[in-house]
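Work through the exercises below with the sequence and the 3D view open. Try each task before reading its solution.

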Amino acid sequence: MKKQKLIKIINDFVRRDRGNSLPGAPTPIFETPLVAFAAAEDPLFERLRQKEAVGPGHRTPAVWLPNARTVISYSLPISSEIIETNYAGVSSSEEWLYARFHGEDFNNRLRNVITAALRAEGYDSIAPLLSPAYAVADMKSNWSERHAAFIAGLGTFGLNRGIITEKGLAGRIGSVITTLELEPTVRPYIEIYEYCPWFSGNTCGACIKRCPSGALSTAGKDLARCNDFLKITEGKQIRARYGFPFSPCSKCFVNVPCQKRIPSFKDPVNN
């Protein structure tokens, strides 16, 4: 299978499948995806096992799938109509909630579509997030799709720990590991925070003002404080009203310069 055939399978599913819309409405959840490829043996995957990265519990592609050759990483950009509904207030908009949870159900189906297409052509494949072996401990997972996206060339991290792609950071990430060998995407960056003006000295910091929990500051992101806000402070009312397990919040992903693009260093700064 060639890259273009695989990309077409992904794009066709996103464009045609009825699951890519808000319940009872024609509004699309996701726009045209971005797809990139990393070599399974890329040394950066081993570096993720270092304590200062994800940690020793993070699995390399070869542990997930013997004879792994390629990691397929993709980003599903959330539509502008849904993004704009989440600008106001402290709580997530209803549209954003459904985009998060129904959107991730759709993402899971896409993961299965990709693995099935590869297996149909004789290539073994696995979507780690759908594997019984996938686990999260102390807010760290044994497979980070955001870090896989960085390694594959999709984008770099922002101050808020989201992945800034050429279509911004408002989106969902997915990945599949396969024995099919595909040429890796050339990473157009070097540093892990290269697309974020905060780390360039331009000090945008727009996401700090957007954070309703106070988890974002000039020192970075307090993951525990963010997690408490999502699961307890806001999570209680989300569970009571909608039945969803937690609040996706994501206020720091919207109404910021990087929501739909790589921010320009000429954007207004927040000193």
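The exercises that follow concern a predicted model.

**Exercise 1.** Determine whether Leu44 is buried or exposed, and find which residues beyond its sequence neighbours it contacts.

Solution. 
- Step 1: Locate the residue. Leu44 belongs to helix H2, which covers residues 43-47.
- Step 2: Take its relative accessible area, which is 18%. Buried means under 20%, so Leu44 is buried.
- Step 3: Set aside the neighbours within four places in sequence. Leu44 is then in contact with Phe150, Ile151 and Arg187.
- Step 4: Compare sequence and space for one further residue. Thr60 is 16 residues from Leu44 in sequence, and their C-alpha atoms are 9.5 Å apart.

**Exercise 2.** Classify the ring pair of Tyr98 and Phe244, and state which parts of the chain it ties together.

Solution. 
- Step 1: Search the whole structure for aromatic pairs; there are 12.
- Step 2: For Tyr98 and Phe244, the ring centres are 5.4 Å apart and the planes stand at 80 degrees. Planes over 60 degrees apart count as edge-to-face, so this pair is edge-to-face.
- Step 3: Tyr98 is in helix H5 (residues 94-120), while Phe244 is in the segment after helix H9 (235-242), so the pair ties together parts 146 residues apart in sequence.
- Step 4: Check accessibility. Tyr98 is partly exposed at 23% relative accessibility, whereas Phe244 is buried at 12%.
- Step 5: Look for a wider group. Ring pairs join Tyr98 and Phe244 with Phe101, Tyr242 and Phe246 in a cluster.

**Exercise 3.** Find which rings have Arg59 and Arg100 over them.

Solution. 
- Step 1: Arg59 lies over the face of Trp64, 4.8 Å from the ring centre.
- Step 2: The charged end of Arg100 sits over the ring of Phe101, at 4.9 Å from the centre.
- Step 3: Phe101 is also one of the members of the ring cluster in Exercise 2.

Technical notes
Residues are numbered from 1 along each chain as its sequence is written. This is a predicted model: local features need pLDDT of at least 70, side-chain atom pairs count only at pLDDT 80 or more; totals for chains, interfaces and linings use all residues. Side-chain values use heavy atoms; hydrogens and water are left out. Helices (H or I, at least four residues) and strands (E, at least two) are DSSP runs, numbered from the N terminus. Buried means under 20% relative accessible area, exposed over 50%, partly exposed in between (1.4 Å probe, protein chains only). Contact means heavy atoms within 4.5 Å. Rings of Phe, Tyr and Trp (its six-membered ring) pair if their centres lie within 6.5 Å; planes under 30 degrees apart count as stacked, over 60 as edge-to-face and the rest as tilted. A charge sits over a ring if NZ of Lys or CZ of Arg is within 6 Å of the ring centre and within 35 degrees of the ring normal.
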